Amino acid sequence: MQTVGSKQGVARRDFAPWTDHTLAPLLRIEGLTKRFGAYPAVDNLSLAIYPGEFFALLGPSGCGKTTLLRLIAGFERASAGRILLDGVDLLPVPPHRRPVNMMFQSYALFPHLTVAGNVAFGLKQEGLPKAQIAKRVGEMLALVHLENFGSRKPHELSGGQRQRVALARSLVKRPRILLLDEPMAALDKKLRGETQFELMELQRRLGLTFIIVTHDQSEAMTVADRIAVMDRGHLMQVAPPAEIYEQPNSRWVADFIGSVNLFEGRVGLDGSSVEGTALGRLRVGAKIAAEPGAPVWVAVRPEQLRMGPNPAEPDAQWALENDVAATLADVAYLGDLSIYRLRTAAGVPLQASRANVGPFAPRTIASNDKVWLNFPRAAAIVLTQ
Amino acid sequence: MSDAHKSMAKPRRSFVAKLVVRLPYAWLVAFFLVPFLIVLKISLSQTAIAQPPYTPIFDLAGGWHGIASFFAGLSLDNYAFLGSDPLYFLSYLKSLEIAALSTVMLLVIGYPIAYAMTRAPRRMQAVLVLLVILPFWTSFLIRIYAWMNILQHDGPLNRLLLALDLVREPPVWLSTNTAVYIGIVYSYLPFMVLPLYATLEKLDESLLEAAADLGCPRWKAFWLVTMPLSAPGVIAGALLCFIPAVGEFVIPDLLGGSRTAMIGQTIWTEFFANKDWPTASAVAVVLVCLLVTPIVIFQHQTMRGIERD
């Protein structure tokens, strides 16, 4: 699998242990099932997570991502399957003996203990000598920039500070895996962005394995080495962020991650075009892995649709582009980019987006203007399911 | 809403708001402060064979001279008398002892009940709360009479004990301290369970998960997390039971013997048997002063709880 870093080669770091079959995963989940009544929250799920990985579980609410995290932490009892940490099954181990720690969405700070008391709580359970506890608590508070807040109570802190106490408390025991349940959900947007980068830096610096649960896809794409997209207890796709976005493996993933234009059609006789879509015949970049005539879907990201007054290649027989005539219905101006809602003559809705780079960019097209949309063959993602 | 509208509606609402805020104060003045001042005044008077049975009597008809002689007639003699007779001191001590011991027993019994209630399924909890307050639907006095019946020599309790072969001779229950403890613990249990339940029910389950996650076994998390966080409930329950238990009259009078002279009975005796209103009042005033301390602690705790929320 040489897809890491994607077509455009934006590998965040040279780190892809999941491509190396000689490496053993740190955490291996096998056939894990958790049923609440008859409803399976996690359904026969298998997954391998490698040491040093920042792994994100992403999905809509109720997809089972939090249940999966709680199964790893030991707060839920599995109905079937195994969770192996370094080859040892965790399921019979009670939560207080598991070498993993969790940062709770609500932070779950002990309100009757000081900041230092909260951070020291886990170390005290290990029965470490007092001096050593004090030293490690001090180091941890310094790491999250809360050196001077040790004697405060949680209710005397801001939301962001509380979040860092929760992080320090869950890191101080040096867990084999740190589980983060929506760790930034309670922060405002700006602080969330800063915290995401701090969290990534912290994870690299400590060399720990993080599993984060989030419903925020930009958060998952920012922090994670790999993302597992979940729906109804199943893993839909497990891949690095760029691959999830650029090479989704299903309509569901393509639609869940970002925005997408989707067209149903059949594989053309030449094997590299899709016929009978709402836009007519669409040319795609590569040979489609399906028999001619098989039903497939073409997904095109809005930013891949370029708008112009003319078709890109009006007469070319072996065109590299797909051209579509449309009318602009609506523009949403978002500052850094604008979202254009368009409609073909046949009434097919389309969405295009464009970065507002030039000073005139937002004003060159107005409502009801007729435009040509074109997108390169390579931008057409063919989905067989 | 327009500005004109707002400015018209505002003063009226704030008048109602002021009234609502002041109503409890008016209530306290009328039904606590005024009666207390009357009792305080009587405690400074002397007994007299008269109607009412004490002097001096505040009478504006006497003019300035009358008021002056009224104040001259007041003295602290009754308080001095309380100090001179060990009966009163022992009676206070007995009351505090019985109330304190009952409160401890109530805590020991009430805490597990409240804790178990919070562990019950959500739908069951409402039913359990109802069951806790169910005894209130029967008159307090009738319930104490029922206990007299249960505890009497050939009552159900002794018959049960004999039937189970736990005792050879039926023990004497009535007119003992044990009966008083039984009565108080039984009657006050809801006042202990409800505040404890209210506190424990609010306890965030994720705190216990966090404790487990950090390596703390369940039983230890109870002592390190649940107990300290339920302290406000423990204090509220303890004071709600301790304060009225100190002044309890009916239970020791009906279930206790002559040896269990609690302060409520002492006041009753002074007031009705001895017709010594001033001494009875002095005993009552000292009792109020004794109880103010725990009430102040309670207030302090409640305020701290509110600030934290």
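1. Let's start where chains B and A meet. In this predicted model, 8 residue pairs are in polar contact across the interface of chain B and chain A, both residues being at pLDDT 80 or more. (A polar contact is a pair of N or O atoms within 3.5 Å; within protein, one must be able to donate a hydrogen and the other to accept it, and residues adjacent in sequence count only if both atoms are side-chain atoms; pLDDT is the predictor's confidence in each residue, from 0 to 100.)

2. On the chain B side, α9 (205-213) and α10 (218-229) each supply at least two of the residues that touch chain A. The largest share, 7 residues, comes from α9(B). (Helices are DSSP runs of H or I with at least four residues, numbered from the N terminus.) By class, this side of chain B has 11 nonpolar, 2 polar and 5 charged residues.

3. There is 1 salt bridge across the interface of chain B and chain A, where a salt bridge is a side-chain nitrogen of Lys or Arg within 4 Å of a carboxyl oxygen of Asp or Glu. The partners are E209(B) and R70(A), with 2.6 Å between their closest N and O atoms.

4. Chain B brings 18 residues to the contact and chain A brings 21, contact meaning heavy atoms within 4.5 Å. About 1800 Å² is buried between the two chains, and carbon and sulfur atoms give 62% of that area. (Buried area is the accessible area, with a 1.4 Å probe, that two parts lose on being put together, summed over both.)

5. Now look inside chain A, which is divided into domain 1 (17-99 + 175-251) and domain 2 (259-383); the bounds come from an automatic or database domain assignment. Their centres, taken over C-alpha atoms, are 34 Å apart. Domain 1 gives 7 residues to the contact and domain 2 gives 6.

6. The area buried between these domains of chain A is about 600 Å². On the domain 1 side, Y245(A), P248(A) and R251(A) lose the most area to domain 2, together 85% of what that side buries.

7. A word on confidence: chain A has a mean pLDDT of 86, and 93% of its residues reach 70 or more. Over residues 1-11 of chain A, however, the pLDDT is below 50. Where pLDDT is low, the predicted coordinates should not be read in detail.

8. For orientation, residues are numbered from 1 along each chain as its sequence is written, and chains are lettered from A in the order in which they are written. Local features need pLDDT of at least 70, side-chain atom pairs count only at pLDDT 80 or more, totals for chains, interfaces and linings use all residues, and side-chain values use heavy atoms, with hydrogens and water left out.

Definitions and conventions. Nonpolar A, V, L, I, M, F, W, Y, C, P; charged D, E, K, R; others polar.
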